[in-house]
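Reader: I would like to learn how to read a model like this one. Please show me.

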Number of protein chains: 2
Amino acid sequence: MIPDISPAAVPTEDETALRRTPSQKRSRERVEHILACATALIQEKGSDAMRMSEVAEKAGISIGSLYQYFPDKAAIVQTLAERYNAVCNECIAAELAKVTSLAELRDAFCVLFDIYYDMFLAEPVMRDIWSAMQADKALREIDLQQSRAGGKLLADVWARLVPDTPREEIDSAAFLIMHLGDCTMRLAVSVDRPEGDQIVEAYKRMIIRDFVADGPGGGAGLIDISGVRS
Amino acid sequence: MIPDISPAAVPTEDETALRRTPSQKRSRERVEHILACATALIQEKGSDAMRMSEVAEKAGISIGSLYQYFPDKAAIVQTLAERYNAVCNECIAAELAKVTSLAELRDAFCVLFDIYYDMFLAEPVMRDIWSAMQADKALREIDLQQSRAGGKLLADVWARLVPDTPREEIDSAAFLIMHLGDCTMRLAVSVDRPEGDQIVEAYKRMIIRDFVADGPGGGAGLIDISGVRS
DNA sequence: TTGCAAATGTGAGAGATGCTCATGTTTGTT
DNA sequence: AACAAACATGAGCATCTCTCACATTTGCAA
């Protein structure tokens, strides 16, 4: 049920963080191998404690070869992050593709966040990488872009279901929902299991209210509710 | 309106991160001075780029004296973070103290998040410190504790207003609300101004629905809503 | 097959930074 | 005045990221 998220499962797309695009087969495999070794080391001791010399040693290559492809340590983290993000976006797009009503949107979100939660639980490396990204200004930008990308997917669907709402408001609400979804998942996996489950459920309930078609402010609760002071 | 949040304004409380508790007046002042200089450097270039040698130089002391009081670089960040957190908790407590109804709770939250947002806008150092904390496992724990502390303040008030709700559910919902409030603020100050304002407003609307006394699921929306699949 | 340029591989070491420790100085107390 | 405890110092150790001059391999054309 959880999508395969291992580095090997997500082949080279953009890889904007690479220093040189490997053209020969040997070096293309090498890049994959480096990423796999780095992932293992991050899982073992965390990306902060992971040393570039260790990555090279584990991959059976020299430190110089490592830097041939990755301009710095952050580039490894960035590449892994982009691959994880791509997987997440595919999940989101797949789940939203079926939606044709607010009720379905509600259901899709429940499923989506369950998958998301399971992915985070199964892949501690994802958490570590996110932490590492927060410390670096350039990498933080990537995290924002990811929330924006997910938000756009949601906003496109949502806008069709509530056509009379200003697109700008939908956009920022969708952006916020996706970003806080991320935050919730990371919070949930940071605490012990039963509490983490409760937290995910609480977030789902919170968001779902904004997709409910009936009731006051129906379908646009997050976007426009009367009686709220600005 | 924004509380004074400069290091000097929040005198020594616990300072659990200090290596040695300064007993003489000279060294107590020195610790304050170190923190002030560190704050200035973080504001100038970020905590990651801040060098321990720079802190010592700016404070006019030797590198050895610096390490006399702070066991490592993270301890400086931690001390500043604890002080900021203390200020935030005082704000929360002050705002919640007046609350005697769900409607007042709703208003208190609007005010609280406005203050919070202004604080983040006025103090870029707070953002930087939070980023630095995320990269370090021990410091991340402090961030969680902060959300828990704020959540407890909220839960105590909330539990009185909806007495028939299981305390456990209130706790995790309150924890989540405070934590996501933090996340929202940091998101809001990471984007350009008008969008940041919209994001804060959207979060307030989202949370407020759960404090609204009338309407379906009134007063406990986040905690228990019928028809939600688990 | 041979020759050659481009691609790839190598690792010693330069440069930078967090932090220690042996030693010197100041403070408060008797 | 004498002494212990607190405080201050900075050269230097340990560690880590990343570079660069040089060696090797690959793909391809003659």
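Reader: Is Ala17(A) buried or exposed?

Author: Start with the thresholds. Buried means under 20% relative accessible area, exposed over 50%, and partly exposed in between (1.4 Å probe, protein chains only). Ala17(A) has a relative accessible area of 8%, so Ala17(A) is buried. One caution on the source: this is a predicted model, where local features need pLDDT of at least 70, side-chain atom pairs count only at pLDDT 80 or more, and totals for chains, interfaces and linings use all residues. Residues are numbered from 1 along each chain as its sequence is written, chains are lettered from A and ligands numbered from 1 in the order in which they are written, and side-chain values use heavy atoms, with hydrogens and water left out.

Reader: Where is Ala17(A) found, and which residues is Ala17(A) in contact with, leaving aside neighbours within four places in sequence?

Author: Helices (H or I, at least four residues) and strands (E, at least two) are DSSP runs, numbered from the N terminus. Ala17(A) lies in the segment before helix H1 (25–45) of chain A. Contact means heavy atoms within 4.5 Å. Leaving aside neighbours within four places in sequence, Ala17(A) contacts Pro71(A), Ala75(A), Gln78(A) and Thr79(A).

Reader: What pLDDT does chain A average?

Author: pLDDT is the predictor's confidence in each residue, from 0 to 100. Chain A averages 84, and 80% of the residues score at least 70.

Reader: At what angle do the axes of H8(B) and H9(B) cross?

Author: Axes are lines fitted to C-alpha atoms, for helices over the stretch in contact, and angles run from 0 to 180 degrees between N-to-C directions. Angles under 35 degrees count as roughly parallel, over 145 as roughly antiparallel, 65 to 115 as roughly perpendicular and the rest as oblique. H8 (residues 167–188) and H9 (residues 193–208) of chain B come within 9 Å and cross at roughly 165 degrees. That makes H8(B) roughly antiparallel to H9(B).

Reader: Which residues of H6(B) and H7(B) meet?

Author: Geometry comes before residues. The axes of H6 (residues 124–134) and H7 (residues 137–161) of chain B come within 7 Å and cross at roughly 120 degrees. H6(B) and H7(B) are therefore oblique to each other. Trp130(B), Met133(B) and Gln134(B) in H6(B) meet Leu139(B), Arg140(B), Ile142(B) and Asp143(B) in H7(B).

Reader: Which residues does Asp182(B) touch, not counting those up to four places away in sequence?

Author: Asp182(B) touches Tyr116(B), Asp143(B) and Ser147(B) on that count. Asp182(B) sits in helix H8 of chain B. At 6% relative accessibility, Asp182(B) counts as buried.
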